[in-house]
Amino acid sequence: MREITLSKAVNEAIAEEMRRDPTVFLIGEDVAEAGTPFKVLAGLVEEFGTKRVIDTPISEPGFTGMAVGAALTGSRPIVDLMFGDFIFLIMDQLCNQAAKACYMSGGKLNVPLVLRTNLGATRRSAAQHSQSLHALVAHIPGLKVAMPSSAYEAKGLMKTAIRDNNPVVIFEDKLMYQDKAPVPEEEYLIPFGKANIKREGTDITLIGTSSMVQVAEKAAALLEKDGISAEVIDPRTIVPLDEETILASVRKTSRAIVIDEGHQSYGVTGEIASRISEKAFYHLDAPVLRMGAMDVPVPFSPALEDLTVPTPEAVAERARQSVRGELFDAA
Amino acid sequence: MAAKAAAKKGTAPKGNAEDYLRMYRQMVRIRAFEDNANQLYLSAKMPGLTHMYSGQEAVAVGICEALTDDDKITSTHRGHGHCVAKGADFKAMFCELLGKEEGYCRGKGGSMHIADQSHGNLGANAIVGGSMGIATGAALSAQLRGTDEVTVCFFGDGATAQGLWYEVMNMAALWKLPVIYACENNGYSEYTKTEEIAAGSLTARAEAFGIEAHKVDGQDVLAVNELTQKLVARARKGEGPFFIELDTYRYHGHHVGDINREYYRAKDEESEWKSTRDPILNFGKWLTEQGVVSEDDLVAINDEIRADAEAAVAYAEAARYPDASEVDMHVYVDSPELDAALSKQSA
Ligand SMILES: Cc1ncc(C[n+]2csc(CCOP(=O)(O)OP(=O)(O)O)c2C)c(N)n1
Ligand SMILES: [Mg+2]
């Protein structure tokens, strides 16, 4: 199968959907000629013109609100938010307006909107350009949240997001834009709420989101050398969450670590870990562990930044402790 | 300090060779800093990326020379110029750019977050328009504290699209806050021309709130300084806020990695600005014509500052990274007075 970059996969997904459905349009800063600073959208304005690939001023709440209005009235906007960190600027439009319109109207209104943005540290971009803020929106009922872990997922989840009749936030890992993965030429959609078992195992379940899927896979490879068999699960969407696949795996392995790049406290790791504890408690042989980013703003200095995110080595070490029954700190 | 003292009294520094030379030196310092920063990026020695201030030196220097150390500024992602102009030191700046312990922010902030409170620099900001509230709040605080401090809020033309600006201008005007909004219109917001993202006139937007608005040639350090001195003096007397739109130009790409930019900006346009409207060349020429200095003097100033910058780079390269134990320091600060009150209460 051909291999393409995550960046190209997103571009293809959007182009295919814009060809299929004339109501889909893109809006955001420097999305047209520049194709975004990451060049993900390069070439789209040439094909679809400036009426459907709309460059905006630096007015995030303004254009997000306009997208909500457009989505309420027959369009299917894709909002491009250049950095995930800017989600703080648009919280009202996203969380008070887009997320609630359907419910507040008793199901009469709906907001088929996609917000595509990114996450991920270790790019030396400092505290306001490195955050992984998906937990913030996952907390808000009415929003769906997708977290592609490779080019394959990026394409399939984007196409599904565009066709979903609800507001969907997609977080791409900005460090993965140039990473290649096999992506079929034929069209495909990836259903929301359907986890992917990346690797089968019997001793411990590693649940990773987005960039942390790679970390979990590398940890699993390290563990294999120690004779520990790890199962790796990629939920692909955290809202909705495929609880069944996760619980079935943990019932089999009896141990779990949840790995995510958001801050560890009050985050995605805590949510998934507590669902496991609630629903698979009697199958567990060790406490379920959370591994998120440190609870600090992302520091600029490389000497500090690399310490803040989970690494394969750290995950493998915690997994060994779990399997050996050595989780004294958690006992 | 003469210009700064003069600024307090509201008199222009006309004919003051010392002031002129300091302004010249400060502009050269910014250019030298940026050339070295760019070099660090190109040689892959700098983590991340940075936004060059080169070309806009007369704005930062003309404005900051009209301020005292007690006056505050807020800066932007393109903030090295403001930082130098407000009095920062090369070594601590380069250390910050390289993520070293001796940097202004102990390596935690990097290029886009340098703050230097000893000179009244409340910090650069990586959120476009993110400092508009902060600057206006600093002006409110100056008023509440009964000082005559003035705050200058630097931002780009692109930032005028942020709604926050209109909220704070309204309050600043209502409450006559001592804040000066300084919009550096360099013609571009990232890869987009200003006319494509800004409707109507920027000065008219400020005027709609009853804010006195000025437009000035941002390449002419004396014009910028003269105007700012007048406005600062008036802001100290409670006649603010003010708005200044400064016409200027950035010489490099949006950031250091923005090399192939002909699709949005013509090479001819760049060379035109560099050859005819360079703030340093033009001011240097004027200084020699006025007999303030000789061309040899200017060369000597340039050489000395360049050597200074290179030494600071070498220092920063050799400097230590912060210790790993610093990673979770500074998330919060202690509150000793509160602790004392609490322990008294429980005693
Ligand atoms: C809220 C927000 N939106 C978008 C960005 C990305 N961004 C960084 S600089 C910039 C352009 C700013 O243009 P301008 O204000 O004119 O400043 P200049 O770069 O020209 O100095 C953009 C869009 C950001 N940092 N913050
Ligand atoms: Mg600009």
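Which residues point one way from strand 4 of chain A, and which the other way?

1. Basis of the note. This is a predicted model, in which local features need pLDDT of at least 70 and side-chain atom pairs count only at pLDDT 80 or more, while totals for chains, interfaces and linings use all residues. Residues are numbered from 1 along each chain as its sequence is written, chains are lettered from A and ligands numbered from 1 in the order in which they are written, and side-chain values use heavy atoms, with hydrogens and water left out.

2. Strand 4 of chain A. Arg76(A), Ile78(A) and Asp80(A) point one way from this strand, whereas Pro77(A) and Val79(A) point the other way, and all are buried. Buried here means under 20% relative accessible area, with exposed over 50% and partly exposed in between, for a 1.4 Å probe and protein chains only. Strands (E, at least two residues) and helices (H or I, at least four) are DSSP runs numbered from the N terminus. In a regular strand the side chains alternate between the two faces of the sheet. Because five of the five residues of strand 4 (residues 76–80) of chain A are buried, the strand is largely enclosed by the rest of the structure.

3. Its partners. Strands count as paired if DSSP finds at least two bridges between them. Strand 2 (residues 24–28) of chain A pairs with strand 4 of chain A in the parallel sense over five bridges, and Val24(A) stands opposite Arg76(A). Strand 4 also pairs in the parallel sense with strand 5 (residues 114–119) of chain A, over three bridges, and here Ile78(A) stands opposite Val114(A).

4. The magnesium ion (ligand 2). Its protein donors (N, O and S atoms within 2.8 Å of the metal, or 3.2 Å for Na, K and Ca; water is not among the atoms, so sites may look incomplete) are Asp157(B) (OD), Asn186(B) (OD1) and Tyr188(B) (O), at 2.1 to 2.2 Å from the ion. Asp157(B) lies in the loop between strand 2 (151–156) and helix 7 (163–174) of chain B, and Asn186(B) in the loop between strand 3 (179–185) and strand 4 (188–189) of chain B, so the pair ties together parts that are 29 residues apart in sequence. Asp157(B) is buried, with a relative accessible area of 1%, and Asn186(B) also counts as buried, at 5% relative accessibility.

5. Composition of chain B. Over residues 25–324 of chain B, the chain is 45% helix and 11% strand, and the end C-alpha atoms are 38 Å apart.
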